[in-house]
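The questions below ask how each description is reached.

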Amino acid sequence: MADAVGELTEGVEIRDGSTIIRAGAGLAVIVAQCRPEVEAEVLAEIEAVAGRLKAAGVEAEPLSVRRREAHEDEWRDVWKQYFRATRVGRTFLVRPSWDPRPAADGDRIIDIDPGRAFGTGGHASTRLVIGLCEELEDRRVERFLDLGCGSGILSMVAAQLWPAARGLAVDIDPEAVATTVENLERNRIATVETRVGVLRDIPEVSDLVLANIEAGVLVPLAADFPARVVPGGSLVLSGLLAEQAQAVTDAFIAAGFALESRRDEDEWAALSLRR
Ligand SMILES: C[S@@+](CC[C@H](N)C(=O)[O-])C[C@H]1O[C@@H](n2cnc3c(N)ncnc32)[C@H](O)[C@@H]1O
């Protein structure tokens, strides 16, 4: 149902017993925002999917649909109540503009407004990369690449760990790149360039490459990474479910990398590899 509705709408959220905002016991709620002109089509699709489920003998009752008018900014802002200043890794404090918690001695501050881009430090896949970057802090990094930059959070981490380095933040999503630009300015970081694109659009070779994307995207790209990492350079991969980590490791070893360390948090895993 969510897939079908998702094709017609601007965004879909599923709530059930395992999500931050829960649905009632035994229930699943699909929240979707659509433009007024496609509302009738969305409602018809819901009925059609419900009909197909019933015909296939799937118990989809009781199904109810509630509609409400909302402004785009309201949808965009709902999640903000869940993003508070968060300590990440040993030294980072990630702060949204609406929770400007004072820094303690030694804190490295990242002020962030992720907009609709991913990357508040609240997700384990981001935190795992930040922890692995801190492990690499003594390495010489003159150039880094943040592939799939989202909000730009990892670029801002790297720019603080290696202040003399030049960074490149890249995302396939122009909105993410625009958000990264804003966040870099907010943090007065002028050492990171931004670009909309994918790995093949990047001729630069880096000492450190960070890629928190997902296994399904990263594995097919494994053979394209070595040309973007200097010999002896580091590659940190995240966004992997723990059960995918071994297959991802194997693919990147086959591409010429060696595994240096792996970290796990919740059901997520991240790898630190060396070329
Ligand atoms: C999980 S978010 C990571 C955001 C941020 N780097 C972090 O660690 O929190 C993954 C990002 O990768 C981007 N992305 C997905 N596929 C991509 C690809 N093939 N090339 C570049 N970026 C991609 C998405 O648009 C998204 O912004």
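Q: Which residues come nearest to the ligand?
A: Of the 22 residues around the ligand, those that come nearest are G119, T126, G148, G150 and N212, where a residue is near a molecule if its C-beta atom, placed from the backbone, lies within 6 Å of it. The elements that give two or more residues to this shell are α4 (124–135), α5 (153–161) and β7 (166–171), and α4 gives the most, with three residues. Helices (H or I, at least four residues) and strands (E, at least two) are DSSP runs, numbered from the N terminus.
This is a predicted model, in which local features need pLDDT of at least 70 and side-chain atom pairs count only at pLDDT 80 or more, while totals for chains, interfaces and linings use all residues. Residues are numbered from 1 along each chain as its sequence is written.

Q: How many helices and strands are there in the protein, and why is it called as compact as a globular protein of that length?
A: The protein has eight helices and twelve strands. Its radius of gyration is 21 Å, close to the 19 Å that the globule rule gives for 275 residues, so the protein is as compact as a globular protein of that length. The radius is taken over C-alpha atoms, and the rule is 2.2 Å times the number of residues to the power 0.38.

Q: What makes a residue count as buried, and what share of the protein does?
A: A residue is buried if 20 or more other C-beta atoms lie within 10 Å of its own, exposed if 12 or fewer, and partly exposed in between, with C-beta atoms placed from the backbone; 32% of the 275 residues count as buried.
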